[in-house]
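Thanks for making the time. I will go through one model, beginning with a backbone detail and ending with how far the coordinates can be read.

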Amino acid sequence: MQPRNMSMSGVVDLAAVKAAGEAKAKAEQARAEAAKRAGEGGGAGPSAGAVPPSALVIDVDEAGFERDVLQLSAEVPVVLDFWAEWCQPCKQLSPLLERLIAEANGRLVLAKIDVDANQMLMQQFQIQGIPAVFAVVAGQVLPLFQGVVPEQQIRETFAQLVQVAEDRFGIIGIEVDPDAEGAAPAASAEDEFPAGPYDALLEAAVVALDAGDLGGAVQAYKNVLADDPGNTEAKLGLGQAELLARVQHMNPQAVRAAAAENPRDPAAQIAAADLDLVGGHVEDAFGRLVDTVRVTFGEDRDAVRLRLLELFEVIGADDPRVSAARTALARVLF
């Protein structure tokens, strides 16, 4: 079960960067607070940030997707249930999902999305049929399954999801208080984490991406990097914004046809790799460019190698797919 960056838009991609870092910080803070309560003899009673059981199952629409799914996924894996009122299998699956989410007791949250009312989300997730179930962890997507599947299979999938969230991102879920129904909402991430020196510029980049102003987003990230060259979020954001700008006006059919007809053409393979990555086909993009490095020389080889390194930055150095591709690249170069 491997997460991948969401390729729906720049906002979705960029949210993963900040979410993953904050998720790890929150997990460490939660563990420290739990240990402190236990040391004081207070046990593991509900904290001020505990949520009621009803908060574990939510309805989500396009307008609230970033807040209700992407931001929340920094604290707890969010399972997405794409359904419709007319879908009979959905009526069979949804109650089962809700029951298993309740049993997870804060390790998972279920977000229900009505496809009839949210056609854009359905298209962005490339859903061919419902029910369809995905997960989002620290802003990254995991396709889980489609259709009605046995309860035991869902239990095993959810167990793997919880493990991936904790092992890879340090996400341990949220605390549930059965007596918290009607209580005041928990503090927001903005309250818990003071704004950093570049938050305004980074937020401006996200706003620009949301508005389709890729040039503005690129410039905003460059402004951050001019003062802080090591800023991870800005480096990753810049790579993603530049990638989106490159593919914005491409004709996918023409690009892929050119790549198929000219396997040794660096420009054709680079363009196709960009499309692969935007489409979420990370291994395909990396493999295509490694293969092209193998059959090219001189300036052509350098151009392909440099684009591959740029795509590594888009995904992030900690991703195992990047590590594998770096090893493959080294083999063909040396």
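**Backbone, packing and confidence**

Ala138 sits in the loop that runs between strand 5 and strand 6, the latter covering 140-146. Before going further: this is a predicted model. Is Ala138 buried or exposed? Ala138 is buried, because its relative accessible area is 0%, and the cut-off for buried is under 20%.

There is a second case of this kind. Gln126 has a phi near 55 degrees, again a positive value in a residue other than glycine. Gln126 belongs to the loop between helix 4 and strand 5.

The peptide bond joining Ile130 and Pro131 is cis, with omega at about 0 degrees. If you set up anything from these coordinates, that is the bond I am referring to.

Now the helices. Two packed helices are described by the angle between their axes and the distance between the axes. For helix 9, residues 232-247, and helix 11, residues 266-278, the axes come within 10 Å and cross at roughly 115 degrees. The crossing of helix 9 and helix 11 is left-handed. Which residues meet there? From helix 9, Leu243, Arg246 and Val247; from helix 11, Asp274, Leu275, Leu277 and Val278. By class, the residues of this contact are five nonpolar, no polar and two charged.

Ala285 is buried, because its relative accessible area is 0%. Setting aside residues up to four places away in sequence, Ala285 touches Ala273, Asp276 and Leu277. Leu277 also takes part in the contact between helix 9 and helix 11. Leu275, another residue of that contact, is ten residues from Ala285 in sequence and 7.9 Å from it in space, C-alpha to C-alpha.

Next, the whole chain. The secondary structure comes to 14 helices and six strands. There are 334 residues, and 47% of them are buried. Taking contacts with a separation of 6 or more, 72% are between residues 24 or more positions apart. The chain exposes about 16200 Å², with carbon and sulfur atoms supplying 52% of that area.

Last, confidence. The chain averages a pLDDT of 80, and 80% of the residues score at least 70. Where is confidence lowest, and where highest? The lowest mean is 38, in strand 1, residues 4-5, and the highest is 95, in strand 4, residues 109-114. Over residues 41-48 the pLDDT is below 50, and beyond near neighbours in sequence this stretch has eleven contacts in the model. Residues 183-195 also stay under 50, and the model has eight contacts for them beyond four places in sequence. Where pLDDT is low, the predicted coordinates should not be read in detail.

That is the end of my part; I will take questions.

Definitions and conventions: Residues numbered from 1 in each chain as written. Predicted model: local features only at pLDDT ≥ 70, side-chain atom pairs only at ≥ 80, totals over all residues. Heavy atoms only, no water. Axes fitted to C-alpha atoms, helices over the stretch in contact; angles between N-to-C directions. Helix = DSSP H or I, 4+ residues; strand = E, 2+ residues; numbered from the N terminus. Left-handed = near helix turned anticlockwise from the far one by under 90°. Contact = heavy atoms within 4.5 Å. Nonpolar A, V, L, I, M, F, W, Y, C, P; charged D, E, K, R; others polar. pLDDT = per-residue confidence, 0-100. Buried < 20%, exposed > 50% of the residue type's maximum accessible area, 1.4 Å probe, protein only. Areas by Shrake-Rupley, 256 points an atom, 1.4 Å probe, with all protein chains shown as cover.
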